[in-house]
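Here are some friendly notes to read alongside the model. Keep the 3D view open and find each residue as you go.

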Amino acid sequence: MKKSVFYLLALFFVLNSCNRDELQNENPTIEIVQKDPLTGKQINAEINSTIKNTGSFNWKNASDHLLWSAVFRGNRMVSIGFGSSKDDFDRSLSADNRQMEAEVLDLIRQYEGIEQGRFMISSDQYLNQIDVIIEKEETIAALRKMKTIRYVEPGDYHYFEIENGLNGTAKSSGSSSGCGFESTALNAADYTTTTPNAKVPWAFTQHNIPNAWSYSTGAGVTIGLIDTGVSPEQTLLGSNFNTGASSGRTINKFGSYVNGSTTDGPADQCGHGTKMASVMAAPKNNAGLPVGVAYNANLITYRAASNVVLETSSEQNGVKTAFTDLANNTSVKIISMSMGHIFSVGKIEDGVKYAYSKGKLIFCAGGTSTSFTTFVGVIFPASMSETQAVTGVKEGTSNQKCDVCHSGSQIDFTFQMERANGNTVPVLSYYNNQADYVGGSSVATAATAGIAALVWSKNPSWTRDQVLNKMRQSATYYPTVNSSYGYGNINVLKAVQ
């Protein structure tokens with residue numbers, strides 16, 4: 001599929017920090033006359049209105065009734081983040097985390113009138129975050145009054161599924177999920193051939209990547225890809241990862257997306273993740289197929305979601321787990337994710353912050369849209385300050401976004417991925433010995449993560465900030481950031497010299 005498609009924008013939480021002495025929770029008696037929950041249509045209407053009027057939506061600012069209604073419509077699941085301050089998300093750095101968790105669970109037990117075993121779903125190993133089942137609005141209201149609560153959010157509210165039922169053009173699956181298994185004969189004008197017999201996408205030449213390979217090929221750097229997995233049929237992203245001019249590297253595949261009661265493995269069942277892995281690190285092969293930006297980098301892939309729209313509890317937990325796992329893997333320097341949501345998701349935000357705190361350089365897609373989502377700017381988690389947001393622009397430009405790409409003040413870099421005729425970037429297909437095209441901010445993000453690997457490989461002793469600064473200094477608008485396109489396109493040869 002030529003364009004990976006997904007949604008929208010959110011901002012991260014801003015809460016006042018307090019010291020632990022000031023955070024002894026009181027459990028006030030809260031009595032609420034239970035009203036009927038809002039319908040999905042009413043909930044989505046409030047979300048959409050807020051985004052259109054303010055630019056973002058955050059459950060933190062929702063009324064108790066709106067929040068509880070979304071919980072009710074989302075299988076009663078609630079995601080709770082706790083801590084002594086807005087930045088107290090890491091259990092290993094949070095001395096009182098068990099006490100705070102116990103206080104939260106005790107309040108739920110009192111208000112719900114049932115024992116913990118009947119409402120507890122999970123407690124995160126690394127983050128100050130739990131998932132529970134809550135039935136009563138008064139429980140939600142009481143939780144939000146606790147001083148050690150960072151967020152209370154619906155854990156499984158299907159915004160896009162509901163929106164699709166109201167608006168036939170706003171699909172949450174199929175063409176708007178970013179999924180596709182097509183193979184396409186590549187137009188000869190969209191690539192050049194390099195030794196041993198690999199196709200170099202036209203977009204790489206626009207960014208001076210082939211010339212940069214004389215200085216760096218990504219060797220010694222490990223990139224973590226959080227997406228829909230990698231095709232088990234594509235041997236260039238499997239048994240032939242070391243072939244042609246690519247050698248001495250590894251690819252490891254994991255699954256963190258739980259489908260039913262267990263993870264359903266690392267294999268791509270969507271097609272999106274395979275294409276992202278390809279543009280990032282496909283081997284410089286002798287099979288006449290597209291090469292990746294960092295063709296000698298190591299790759300660790302996670303199947304964290306079924307598609308690029310992160311709205312189910314399984315997908316949000318899968319992404320959170322992928323971020324914490326990659327954060328704890330000391331070999332990983334770079335994390336790339338071309339997926340997102342219309343608004344911030346607390347547990348994913350915690351995972352991103354956790355990975356950032358471990359020194360990872362994180363790239364996220366700024367957003368790719370259909371007619372339904374054109375009123376929103378940079379999506380979550382690209383909207384977070386801990387991530388580098390990337391969007392796609394048209395060939396020969398640094399400030400003309402692709403026809404379906406998002407832009408905005410939170411964008412950090414751009415990548416040329418759309419030609420005048422609409423063709424996008426050649427990549428490996430889901431199927432072996434076949435190729436395809438992919439576009440949008442998704443491919444722009446994966447390519448930029450590959451560029452970061454080239455810079456870090458050339459300068460292995462550098463820190464994340466040094467790598468990032470070199471990328472900025474080698475881009476179109478440095479030192480003055482463009483209001484909608486960040487630093488613009490990166491001249492990769494300049495970045496590795």
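This is a predicted model: local features need pLDDT of at least 70, side-chain atom pairs count only at pLDDT 80 or more; totals for chains, interfaces and linings use all residues.

1. Let us start with one side chain. Trp213 is buried, its relative accessible area being 8% (buried means under 20% relative accessible area, exposed over 50%, partly exposed in between, with a 1.4 Å probe and protein chains only).

2. Residues are numbered from 1 along each chain as its sequence is written, and side-chain values use heavy atoms, leaving out hydrogens and water.

3. Now for the rings. The structure holds 15 aromatic pairs (rings of Phe, Tyr and Trp, the last by its six-membered ring, pair if their centres lie within 6.5 Å; planes under 30 degrees apart count as stacked, over 60 as edge-to-face and the rest as tilted). Phe204 and Trp213 form an edge-to-face pair, because their ring centres are 6.5 Å apart and their planes stand at 80°. Elsewhere, ring pairs join Phe57, Trp59, Tyr157, Tyr159, Phe160 and Phe343 into a cluster.

4. Next, look at strand β11, residues 298-303 (helices, H or I with at least four residues, and strands, E with at least two, are DSSP runs numbered from the N terminus). Six of its six residues are buried, so β11 is largely enclosed by the rest of the structure. Asn298, Ile300 and Tyr302 point one way, while Leu299, Thr301 and Arg303 point the other way. In general, the side chains of a regular strand alternate between the two faces of the sheet.

5. Which strands pair with β11 in parallel? One is β7 (residues 222-227), joined to β11 by six bridges, and another is β8 (residues 251-255), joined to β11 by five (two strands pair if DSSP finds at least two bridges between them).

6. Six of its six residues are buried, so β7 is largely enclosed by the rest of the structure. Thr222, Gly224 and Ile226 point one way from β7, and Ile223, Leu225 and Asp227 the other way. β7 also pairs with β12 in the parallel sense, over five bridges, and there Ile226 has Met337 as its bridge partner.

7. Follow the chain into the loop between α8 (272-281) and β11, where you will find Asn285. Is this residue buried or exposed? Asn285 is buried, with a relative accessible area of 0%. Its side chain reaches the backbone nitrogen of Gly288 at 3.3 Å (a polar contact is a pair of N or O atoms within 3.5 Å; within protein, one must be able to donate a hydrogen and the other to accept it, and residues adjacent in sequence count only if both atoms are side-chain atoms). Not counting residues up to four places away in sequence, Asn285 touches residues including Pro196, Leu236, Thr243 and Val291 (contact means heavy atoms within 4.5 Å).

8. There is also an open sheet of four strands, ordered β2-β3-β1-β4 with antiparallel pairing. β2 (120-123) and β4 stand at the edges with a single partner strand each, so one side of each has no neighbour in the sheet. Three bridges hold the antiparallel pairing of β2 and β3, where Met120 stands opposite Val132.

9. Helix α10 (residues 346-357) has 12 residues and reaches 16 Å from its first C-alpha to its last, close to the 16 Å expected (the expected span is 1.5 Å times one less than the number of residues). Of those 12 residues, 10 are buried, so α10 is largely enclosed by the rest of the structure. Its buried residues pack against elements including β1, β3 and β4. After α10 comes Gly359, with a positive phi near 90°. In helix α2 (residues 64-73), seven of the 10 residues are buried, so α2 is also largely enclosed; Trp68 is one of the buried ones. Asn75, which follows α2, has a positive phi near 65°.
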